Amino acid sequence: MLEYVLFSLLNSLVLGMLLFMLSSGLTLIFSMMGVLNFAHASFYMLGAYFGYQISTWVGFWPALVIAPLLVGGLGALVERYGLRSLHKYGHVAELLFTVGLFYIIEESVNLIWGRNAVMYPIPKILDFPVFKLLGADVSAYRMFMLLISMGMFVGLYLVLTRTRIGLIIQAALTHPEGVNALGHNVPAVFMLVFGGGSALAGLAGVIGGIFLITEPAMAATLGPIVFVVIVVGGMGSLTGAFVASLLLAAIQTFAVGIEYSLTDLFALFGWRVDATGFFRDIWRIQLSHTGPILPYLFMVLMLMFRPKGLMGKRES
Amino acid sequence: MLEVKELHAYYGRSHILQGVNLKVARGEIVSLLGRNGVGRSTTCMTIMGLVPPHGSILYKGEEMAGLKPHQVARKGIGFVPEDRWIFPGLTVLQNLQLGQKRKKQAGRWTIDDVFKIFPRLGERSNVHGGLISGGEKQMLTICRTLMGDPDFIMIDEPTEGLAPQMVKQVGDLIEEIAGRGISVLLVEQKLSIALKISKRLYIMGHGKIVFEGTPNDIKNDQTIRKEWLEV
């Protein structure tokens with residue numbers, strides 16, 4: 001039992017920090033620009049594929065730097081030449097643009113790298129057990145992922161709170177027109193945030209593509225979860241995104257190992273359910289099988305009872 | 001310093017400004033009066049580039065119409081909005097620092113100046129902007145704009161919702177601003193403060209200027225006051 005709890009906690013932390021790398025950019029972009037970027041997870045996928053490709057040419061370490069920069073540059077171009085020109089038509093046009101972009105990126109990846117997953121292995125230097133936990137190996141790569149995501153978290157925090165550009169970003173989260181009227185180039189800040197958010201998603205892709213899988217469906221797999229994170233955390237709240245990332249990762253990870261059903265739960269109280277009735281299949285579903293839907297259930301409940309999310313400041 | 005000619009502005013299909021003409025000279029305090037909804041705030045927003053302008057806005061002889069808001073600000077025009085736009089997650093000090101267009105900008109106003117004029121802001125320098133009182137917010141938003149060292153400043157409804165003592169302080173500050181050679185366009189509803197500190201006044205009605213004169217002209221013209229100012 002202790003082994004299950006410890007390993008689930010470790011896996012939750014790794015997955016949660018990966019989710020935060022994606023959701024931090026998405027929530028900043030949404031809060032500042034009002035754009036719900038459906039293509040955000042596509043930048044994560046591009047990060048993984050760019051990381052894979054560059055790794056085959058010059059190795060993993062240059063790829064870890066170059067791929068996020070490329071993805072960030074691409075994100076900045078998308079903002080400058082796509083979203084900015086659509087801004088005057090309102091948020092629906094921007095939303096539809098990002099939906100279209102999602103499919104363009106997915107199909108482009110299919111065309112270039114094929115429909116099957118690519119072999120994106122753990123770099124040899126990180127492919128060893130770093131220590132044993134209750135007799136089981138903990139891989140160095142997992143610790144490396146944790147280190148990178150923690151570093152990104154600390155870096156993002158320092159940039160936002162200790163630098164002038166961070167102050168401008170924080171101010172523009174609430175009154176972009178006010179920041180503009182003080183003489184700061186807010187459109188350029190938008191481009192920087194969109195590019196930066198995309199670069200973070202790209203970085204998550206470079207390391208997450210190895211940990212999970214690098215395939216054309218990876219954006220569609222992780223994208224909805226990232227939306228759940230920012231809704232649960234509260235739209236526009238970085239702290240909320242951080243808490244929700246860890247929470248949802250924990251819910252999913254812990255659920256996988258719990259082999260109990262509603263029948264077992266009722267039995268604890270001495271109740272017996274009808275094993276032949278209309279709901280017989282529902283009583284027998286084990287919690288481990290519901291893992292993938294739990295985050296969405298959580299989101300629906302959150303929207304019903306606390307629409308502004310855990311730490312959000314607005315209702316809509 | 002500033003000359004606005006035939007300025008028009010629209011919100012969607014609504015024609016808000018319908019040919020505004022006004023002038024402000026160097027170091028002059030000019031008030032823009034009128035009832036709610038006549039376009040006084042929109043005039044400021046349009047000069048600032050926050051609402052697309054149609055017409056001419058000459059500042060120091062240079063055309064401002066068509067420039068982005070940050071470019072207008074960098075030319076030396078400051079704007080204190082009615083809504084104050086205090087950044088709630090930043091401290092009082094950080095709000096002031098953001099008023100500077102560059103880090104360590106040297107201008108006519110320093111943070112020490114601000115804290116000397118308003119010791120209360122100094123005492124609360126590390127408090128978040130969202131947690132200070134309405135009067136303190138008003139002082140902060142004016143001072144934040146001053147940190148950008150503008151030569152011309154538009155102040156929209158600075159005394160709205162303030163206690164009488166605070167209103168006097170705001171009036172004194174505006175006179176101090178003009179005393180340092182900065183031109184002021186003051187948008188006000190309170191006739192008393194506008195008459196006391198302005199050199200000239202404009203009255204707006206239906207999206208255009210309907211009267212121009214001195215405080216004495218308005219004091220002596222009951223018809224104008226009744227028709228365009230009194231509710």
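This is a predicted model: local features need pLDDT of at least 70, side-chain atom pairs count only at pLDDT 80 or more; totals for chains, interfaces and linings use all residues.
Residues are numbered from 1 along each chain as its sequence is written, chains are lettered from A and ligands numbered from 1 in the order in which they are written, and side-chain values use heavy atoms, with hydrogens and water left out.

Let's start with confidence. Chain B averages a pLDDT of 92, and 99% of its residues score at least 70; pLDDT is the predictor's confidence in each residue, from 0 to 100. Helices (H or I, at least four residues) and strands (E, at least two) are DSSP runs, numbered from the N terminus.

Now the sheet. In chain B, four strands form an open sheet in the order β2-β1-β4-β5, with antiparallel pairing; strands pair if DSSP finds at least two bridges between them. β2 (14-24) and β5 (62-63) of chain B stand at the edges with a single partner strand each, so one side of each has no neighbour in the sheet. Inside, β1 (residues 2-11) and β4 (residues 54-59) of chain B pair over five bridges. Helix α1 (residues 40-48) of chain B packs on this sheet and touches β1, β2 and β4 of chain B, where contact means heavy atoms within 4.5 Å.

How many of the nine residues of α1(B) are buried? Seven are, including B:C44, B:I47 and B:M48; buried means under 20% relative accessible area, exposed over 50%, partly exposed in between (1.4 Å probe, protein chains only). B:T46, in that helix, has a relative accessible area of 0%. Leaving aside neighbours within four places in sequence, the contacts of B:T46 include B:L7, B:A9, B:L17 and B:I57. After α1(B) comes B:G49, with a positive phi near 90 degrees.

Finally, over to chain A. The axes of helix α1 (residues 2-33) and helix α10 (residues 238-256) of chain A come within 7 Å and cross at roughly 140 degrees. Those axes are lines fitted to C-alpha atoms, for helices over the stretch in contact, and angles run from 0 to 180 degrees between N-to-C directions.
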